[in-house]
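Colleague: Could you take me through this model? I would like to ask about some of its parts in turn.

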Amino acid sequence: MPYKIAIIVGSLREGSINRKVARSICGLKNDNLDCSMIEIGDLPLYNQDLDTNPPEQWTRFRQQVGSADGVLFCSPEYNRGIPGVLKNAIDIGSRPYGQSVFDKKPGAIVTASPGSIGGFGANHQIRQAAVFLNMPLMQAPEAYLGHVTDDSFDNSGCLKEGPLKELIKGLAQAFHDWVHMIHRSRQLLAEDGAHAAQQAKSKEHA
Ligand SMILES: Cc1cc2nc3c(=O)[nH]c(=O)nc-3n(C[C@H](O)[C@H](O)[C@H](O)COP(=O)(O)O)c2cc1C
């Protein structure tokens with residue numbers, strides 16, 4: 001079974017290069033990741049007062065992220081930081097307190113920019129929030145994609161053949177392996193726990 005991956009794109013722009021990178025990941029012909037892009041442009045600004053009766057867009061977003069096996073952030077850098085729209089989505093998913101949909105969810109971060117440092121600042125601000133949110137984050141390969149322009153993509157909006165596409169393929173495979181390791185380890189630990197409990201019960205009745 002492929003892992004269900006929620007991709008959150010930090011740009012609302014129609015021709016966004018980050019959206020195109022996300023689309024390219026969705027379009028990779030592998031059968032181990034089932035990717036979908038989650039809409040964040042319609043999310044009303046986070047306001048804690050609304051948590052008692054949340055807007056339907058918040059509920060929809062929380063459900064979509066909550067039901068995924070992993071989360072991939074694909075984002076531009078705005079003024080060396082996280083675009084406001086993405087921070088808003090992260091804040092919405094993180095609340096109400098104790099009910100964060102990001103908790104324990106494996107994650108990875110890709111930032112793309114026409115600039116040469118590839119959104120490094122935004123990448124690490126997303127990482128900082130995700131660490132606080134208790135997301136096990138893939139460490140490597142890091143993905144600060146610099147010098148990405150419209151020219152990097154074909155007419156269908158997917159990455160052209162070349163080193164960048166190869167890097168993205170490697171990243172998708174590494175993310176699959178990361179998500180698999182986390183979920184499989186949890187499954188094995190749960191089985192171990194159940195086995196130990198069963199043994200303790202058998203000893204009680206011996
Ligand atoms: C408000 C704003 C701030 C920006 N700040 C940065 C920045 O700090 N670093 C950077 O590399 N590019 C910056 N850019 C340029 C973006 O990297 C570029 O517009 C990119 O295409 C945006 O990503 P998108 O194509 O996915 O929308 C900024 C663009 C905007 C609109």
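Modeller: The conversation below goes through the structure, which is a predicted model.

Colleague: Let us begin with the ligand. Which residues are around the ligand?

Modeller: The residues around the ligand are Ser 11, Arg 13, Ser 16, Ile 17, Asn 18, Pro 76, Glu 77, Tyr 78, Asn 79, Arg 80, Ser 113 and Pro 114.

Colleague: How far is an oxygen atom of the ligand from an N or O atom in the side chain of Arg 13? And what about Asn 18?

Modeller: For the side chain of Arg 13, the distance from an N or O atom to an oxygen atom of the ligand is 2.7 Å. For the side chain of Asn 18, the corresponding distance is 2.8 Å. Ser 113 also takes part, with a polar side-chain atom 2.7 Å from an oxygen atom of the ligand.

Colleague: Glu 77 was in that list. Where is Glu 77 found?

Modeller: Glu 77 is in the loop between strand S3 (70–75) and helix H3 (84–94).

Colleague: Is Glu 77 buried or exposed?

Modeller: Glu 77 is buried, because its relative accessibility is 17% and the cut-off for buried is under 20%.

Colleague: What does the side chain of Glu 77 join in a polar contact?

Modeller: The side chain of Glu 77 joins that of Arg 80 in a polar contact of 2.7 Å.

Colleague: Leaving aside neighbours within four places in sequence, which residues is Glu 77 in contact with?

Modeller: With those neighbours left aside, Glu 77 is in contact with Gly 119, Phe 120, Gly 121 and Ala 122.

Colleague: Let us change topic to the rings. How many aromatic pairs does a search of the whole structure find?

Modeller: The search finds three aromatic pairs. One of them is formed by Tyr 46 and Trp 58, whose ring centres are 5.2 Å apart and whose planes are at 25°, so this pair is stacked. The pair links distant parts of the chain, twelve residues apart: Tyr 46 is in the loop between strand S2 (33–38) and helix H2 (56–66), and Trp 58 is in helix H2.

Colleague: On to salt bridges. How many are there by count?

Modeller: The count comes to eight salt bridges. Among them is the one between Asp 42 and Arg 60, with the closest N and O atoms 2.8 Å apart. Asp 42 lies in the loop between S2 and H2 and Arg 60 in helix H2, so this pair ties together parts that are 18 residues apart in sequence. Asp 42 is partly exposed, with a relative accessible area of 34%, and Arg 60 is partly exposed at 23%.

Colleague: What does Glu 161 form with Lys 165?

Modeller: Glu 161 and Lys 165 form a salt bridge, in which the closest N and O atoms are 3.0 Å apart. Glu 161 counts as exposed at 62% relative accessibility, whereas Lys 165 counts as buried at 18%.

Colleague: Which are the buried residues of H5?

Modeller: Lys 165 is one of the buried residues of H5, together with Ile 168, Leu 171, Ala 172, Ala 174, Phe 175, His 176, Val 179 and Ile 182. These buried residues pack against strand S1 (3–9), helix H1 (17–27), S2, S3, strand S4 (107–112) and S5.

Colleague: Lastly, what should the 43 residues of helix H5 span?

Modeller: At 1.5 Å a residue, the 43 residues of helix H5 (residues 163–205) should span 63 Å. The end C-alpha atoms of helix H5 are 63 Å apart, which agrees.

Conventions
Residues are numbered from 1 along each chain as its sequence is written. This is a predicted model: local features need pLDDT of at least 70, side-chain atom pairs count only at pLDDT 80 or more; totals for chains, interfaces and linings use all residues. Side-chain values use heavy atoms; hydrogens and water are left out. Helices (H or I, at least four residues) and strands (E, at least two) are DSSP runs, numbered from the N terminus. Buried means under 20% relative accessible area, exposed over 50%, partly exposed in between (1.4 Å probe, protein chains only). A polar contact is a pair of N or O atoms within 3.5 Å; within protein, one must be able to donate a hydrogen and the other to accept it, and residues adjacent in sequence count only if both atoms are side-chain atoms. Contact means heavy atoms within 4.5 Å. Rings of Phe, Tyr and Trp (its six-membered ring) pair if their centres lie within 6.5 Å; planes under 30 degrees apart count as stacked, over 60 as edge-to-face and the rest as tilted. The expected span of a helix is 1.5 Å times one less than its number of residues. A salt bridge is a side-chain nitrogen of Lys or Arg within 4 Å of a carboxyl oxygen of Asp or Glu. A residue is near a molecule or strand if one of its heavy atoms lies within 4 Å of it.
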